[in-house]
Amino acid sequence: MTGNHAPSGHGPVHDLSELCQLAVETTADAILLLDEQARILFANAATSRLFRYAPAELIGLPLTTLIPRASGECGVVELAGLEKNGEELPVELTVQGHTVNGRTIHTVCVRDIRDRKQAEM
């Protein structure tokens, strides 16, 4: 795809921000945005399904509410997540840092790896 047009002349693509929002809200993985103190600024719908919190409940809470041993360090790591009811679940955490308007923002993707862990047994 180039510019604002779909391949083969199928007409204009929607606003890119709308498409990005659609992708973030429909992905199976939890996506969070964190501030410099690792507090949650944004949580997508998959975060609710995975951890049993409404996204609005998470705003302002530390990432350690969901993943107690999370360090906020960039990279990929397997850790234990914590559902709202206190039940643990294995997750794969991918953290990337970005500078936006002079502020450090971290994007955190959280994948439920229960099925993978069960298959390994």
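Is R111 buried, partly exposed or exposed? I looked this up in a predicted model, and R111 is partly exposed there, with a relative accessible area of 40%.

**Entry 1: D29 and R111.** I then checked the partner of R111. Its side chain meets that of D29 in a salt bridge of 2.7 Å, N to O. D29 sits in the loop between α1 and β1 and R111 in strand β5, so this pair ties together parts that are 82 residues apart in sequence.

**Entry 2: other salt bridges.** I counted 10 salt bridges in the structure. In one of them, E36 pairs with R103, and their closest N and O atoms are 3.4 Å apart. I placed E36 in the loop between β1 and β2 and R103 in strand β5, so the pair ties together parts 67 residues apart in sequence. E36 is partly exposed at a relative accessible area of 40%, and R103 is partly exposed with a value of 40%.

I next examined R114 and E83, which form a salt bridge with closest N and O atoms 3.4 Å apart. This pair links distant parts of the chain, with R114 in helix α4 (residues 114-120) and E83 in the loop between β3 and β4, 31 residues apart. R114 is partly exposed at 29% relative accessibility, whereas E83 is buried at 4%. I also noted a network of salt bridges that links E78, E92, R116, K117 and E120.

**Entry 3: the β1-β2 hairpin.** I found strands β1 (residues 30-34) and β2 (residues 40-43) antiparallel and joined by 3 bridges. L32 stands opposite A43 in β2. Between the strands lie 5 residues, and A38 in this hairpin takes a positive phi near 65 degrees.

Entry 4: I located T107 in strand β5 (residues 103-112). T107 is buried, with a relative accessible area of 19%. Its side chain makes a polar contact of 3.1 Å with that of H98. Beyond its sequence neighbours up to four places away, T107 touches residues including I31, L32 and L33.

I59 lies in the loop between α3 and β3 and is partly exposed at 44% relative accessible area. Its contacts outside four places in sequence are with I40, L41, F42 and A43. I59 and F42 are 17 residues apart in sequence, with their C-alpha atoms 6.3 Å apart.

**Entry 5: a nonpolar patch.** On the surface I found L16, L19 and L22 forming a nonpolar patch, with about 280 Å² of accessible area together. L19 belongs to helix α1 (residues 16-26) and is partly exposed at 31% relative accessibility.

Technical notes: Residues numbered from 1 in each chain as written. Predicted model: local features only at pLDDT ≥ 70, side-chain atom pairs only at ≥ 80, totals over all residues. Heavy atoms only, no water. Pairing = 2+ DSSP bridges. Helix = DSSP H or I, 4+ residues; strand = E, 2+ residues; numbered from the N terminus. Buried < 20%, exposed > 50% of the residue type's maximum accessible area, 1.4 Å probe, protein only. Polar contact = N/O pair within 3.5 Å; in protein donor to acceptor, adjacent residues only side chain to side chain. Contact = heavy atoms within 4.5 Å. Patch = residues over 30% accessible without salt bridge, like charges linked within 9 Å, V, L, I, M, F, W, Y side chains within 5 Å. Areas by Shrake-Rupley, 256 points an atom, 1.4 Å probe, with all protein chains shown as cover. Salt bridge = Lys/Arg side-chain N within 4 Å of Asp/Glu carboxyl O.
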